[in-house]
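Biologist: I would like to learn how to read a ligand site in a model. Could you take me through one?

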Amino acid sequence: MSLPASTPELARGLKGVVLDTTETSFIDGEAGKLLYRGYNIHDLAERSTFEEVVYLLLYGRLPTRRELEELDGALRRSRPIPQEVMDVIRLVQGAHPMDVLRTAVSALAAFDPETTDTSEEATLRKAVRLTAQVPTIVAAHHRIRTGREPVPPNPDLNHAANFLYMLHGEVPDEEAARAIDVDFVLHAEHGSNASAFAARVTVSTGADLHAAIVSALGTLKGPLHGGAAEAVMRMVQEIGEPERVDDYIQRMLAEGRRIMGMGHRVYKVEDPRARHMRQKARILGEKLGQPKWYRILERIVEVTAPLRARGISLNVDFFAGAVYYLLGIPEDLFIPMFAIGRMPGWCAQVLEQMRNNILIRPLLHYTGPMDLEYVPLEERG
Ligand code: COA
């Protein structure tokens, strides 16, 4: 039996591989810096809105007031989903919300008038439609699976407030709506992370935006990517009281287990997005008379201090779960929340890939046996 050729240098997990150029976002993992189209995430989180960030990511610059109003109007008008897609959601209502979302976006491809048109103009229009429709799917599914009727979108509310309205059936207060608006801004774009990469791979074959978003949604589902906020909140609830943090975390570390919401492939210092969610978690916890969750999280930060020296710091998901929890969002909707926020980033990455396309197709180094003799089934015993 001949052996495979000697091992070439592998880039497992594509760690450190620079895939292409981008003008969408800049990430400096050593400095903890994140820019969308040149604008600092701190300015955007504190001073912008999700709608403005959607414009910035899709069109490459900040909008004028009129441009923003037009985009906002288009988003509000595009929120309803076809009855047939609502029926699909009813059929698959028992599945994980990410599976339902992925299935419903796939079904939307059958009803969008421009699904197969991969021109830039059509893709931009679809990006706006899909960004508007995704929250409707997530909220409608949650209503249906809990035995209630979906709440139709409210065109008087912005993207974040309307999502909470469709989910809970009540107009949220300003603080709650702003917390979710900031959350969506923070999640809107993040370079060639696994889901955006999956979206790029998909359109690199000439496939369309709906196909790319389905790929991205499938990829986001995993706990190493989108699932961390859910895992953090589960851990926090299991800990239960701030006094129990030390024992629990020491035990986890001794067993070599990972602390969810910490560590990042790119950030080696604190993820710049974490501070905004930290602030929202503290304020909401105090306001709603539930400061305990925030206190547990802060104690976890203190106890895990030794990880910092190894470049394992807080990521955006560490405090996000507490914000969602305090706003009555069930744990299994945390990843769909991430998806709602990430829609413009995925679309911007897709547009960038389409503009300067090359088929993405890496190689694998074969390490299995070679030239085996085929034995007919009847002779194999
Ligand atoms: N807690 C404890 N140790 C961690 C850790 C965490 N959250 N994240 C990484 N490490 C350790 C690993 O155990 C590994 O240690 P070793 O070298 O002794 O084996 C080392 O750090 C490198 O980890 P690796 O998985 O190779 O790095 P990566 O760049 O692939 O990791 C993540 C990135 C996100 C997958 C990883 O940090 C992780 O699993 N974090 C928790 C999940 C999470 O919060 N994901 C959301 C990301 S936004």
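Modeller: Gladly; start with Asn315, where a polar side-chain atom lies 2.9 Å from an oxygen atom of the ligand, a polar contact being a pair of N or O atoms within 3.5 Å. Taken alone, the ligand exposes 860 Å², of which the protein buries 70% (Shrake-Rupley areas, 1.4 Å probe). This is a predicted model, with local features needing pLDDT of at least 70 and side-chain atom pairs pLDDT 80 or more, while totals for chains, interfaces and linings use all residues. Residues are numbered from 1 along each chain as its sequence is written, and side-chain values use heavy atoms, without hydrogens and water.

Biologist: Which other residues have N or O atoms at 3.3 Å or 3.5 Å from the ligand?

Modeller: In Arg310, an N or O atom of the side chain is 3.3 Å from a ligand oxygen. Leu224 uses a polar backbone atom, 3.5 Å from a ligand nitrogen.

Biologist: How many residues surround the ligand?

Modeller: There are 17, and Arg258, Ile259, Gly261, Met262 and Asn315 are the closest; a residue is near if one of its heavy atoms lies within 4 Å. The shell has six nonpolar, five polar and six charged residues (Ala, Val, Leu, Ile, Met, Phe, Trp, Tyr, Cys and Pro are nonpolar, Asp, Glu, Lys and Arg charged, the others polar).

Biologist: And how do I read a sheet?

Modeller: Strands pair through backbone hydrogen bonds, either parallel or antiparallel. Here an open sheet runs β1-β2-β3 with antiparallel pairing (strands are DSSP E runs of at least two residues, paired by at least two bridges). Its edge strands are β1 (25–28) and β3 (39–40), and Tyr36 stands opposite Tyr39 in β3.

Technical notes: Polar contact = N/O pair within 3.5 Å; in protein donor to acceptor, adjacent residues only side chain to side chain. Helix = DSSP H or I, 4+ residues; strand = E, 2+ residues; numbered from the N terminus.
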